[in-house]
Amino acid sequence: MTTPEQNGQTTMTDTATTMAAAPRAERPSVYRLEGATRTYSQKDRIVKALTGVDLEIQEGEFVSIQGPTGGGKSTLLQLLGALDRPSSGSVHLGDVELATASSAQLNRLRSEEIGFVFQGFNLIPTLTAAENVDMALEMARLDREERRRRVAQALEHVNLADRGDHRPSELSGGQQQRVAIARAIVKRPRVLLADEPTGNLDEGMRDEILVLLETLCAEGLTLIVVTHDSAVAGRATRRLRLAKGVVTDITR
Ligand SMILES: Nc1ncnc2c1ncn2[C@@H]1O[C@H](COP(=O)(O)OP(=O)(O)OP(=O)(O)O)[C@@H](O)[C@H]1O
Ligand SMILES: [Mg+2]
């Protein structure tokens, strides 16, 4: 399969055109989990963080994950992000089965197909907004001019074209989170995983981020967002609850 990185042509708008034509059930599935478990051994204790999760997520969905602390949300996000492997069961990202994939395959997925937005922005304070976004392209084999073009495009996408030379301390909270989103999408990933993307923001800034997330989703990006914020979950096309390692669909 040719990735957008390889052909340099595919834009999110191209994907969006394809998406609009296909009803959800007929879209390709991005994730397929079957009986996925994750247990942690702690001295003489075994913690069952995920207990047999069955889940399918199609391209272009906006999925929210809510639930009590310790319920398994971060554990699930780590599996989806190819940062971890299931203890048993299977997790497919496209055609790749994460439990048996090689480390090189997991690295490729993380660098080409998955964008992350962490809680608390995670921007490097000494770098400008543009340099923070550019960092995500470190592993991509692109020449300097193409990198510069991609960074400018990503900043423009999150409406920060005029703030590329600002350092994080010179940006508002909402703007910093938009830089973090630009950094996650600059690789043109298939999936965006976000852990509490509005956790540190006031209401106005939260709405700003929500509008941006919805725009990206409409363009075909698959969004999976862990959130305690019911306003965020309310905008998702599918709402999941994760408690005691069990996923339930609470979409109304
Ligand atoms: N590395 C680890 N070693 C042992 N136990 C762990 C580890 N990571 C998580 N756990 C346990 O697994 C369970 C699920 O944790 P997880 O971090 O996924 O919860 P969460 O839903 O993200 O919670 P929060 O809302 O507080 O972030 C918890 O009981 C936790 O103590
Ligand atoms: Mg967590």
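Me: Which element gives the most residues to the shell around ligand 1?
Reply: In this predicted model, the residues around ligand 1 are Y40, Q42, V47, A49, G67, T69, G70, G71, G72, K73, S74 and T75. Two or more of them come from each of β1 (29-42), β2 (45-58) and α3 (73-80). The top contributor, with three residues, is α3.

Me: Which strands stand at the edges of the six-stranded sheet, and why is one side of each left without a neighbour?
Reply: The sheet is open, with mixed pairing and the order β6-β7-β8-β3-β9-β10. An edge strand has a single partner, so one of its sides has no neighbour in the sheet. The strands in that position are β6 (114-117) and β10 (246-249).

Me: Which residue in β9 stands opposite S64?
Reply: Strand β3 covers residues 62-66 and runs parallel to β9, residues 238-243. Four bridges join these two strands. Opposite S64, the residue in β9 is R239.

Me: At about what angle does α3 run to β7?
Reply: Besides giving residues to the shell around ligand 1, α3 lies across β3, β7 (191-195), β8 (222-226) and β9. Its angle to β7 is about 155°.

Me: Which helix lies across β6 and β7?
Reply: The helix in question spans residues 173-185 and runs at about 165° to β6. This helix is α7.

Key. Residues are numbered from 1 along each chain as its sequence is written. Chains are lettered from A and ligands numbered from 1 in the order in which they are written. This is a predicted model: local features need pLDDT of at least 70, side-chain atom pairs count only at pLDDT 80 or more; totals for chains, interfaces and linings use all residues. A residue is near a molecule or strand if its C-beta atom, placed from the backbone, lies within 6 Å of it. Two strands pair if DSSP finds at least two bridges between them. Two residues are in contact if their C-beta atoms, placed from the backbone, lie within 7 Å. Axes are lines fitted to C-alpha atoms, for helices over the stretch in contact, and angles run from 0 to 180 degrees between N-to-C directions.
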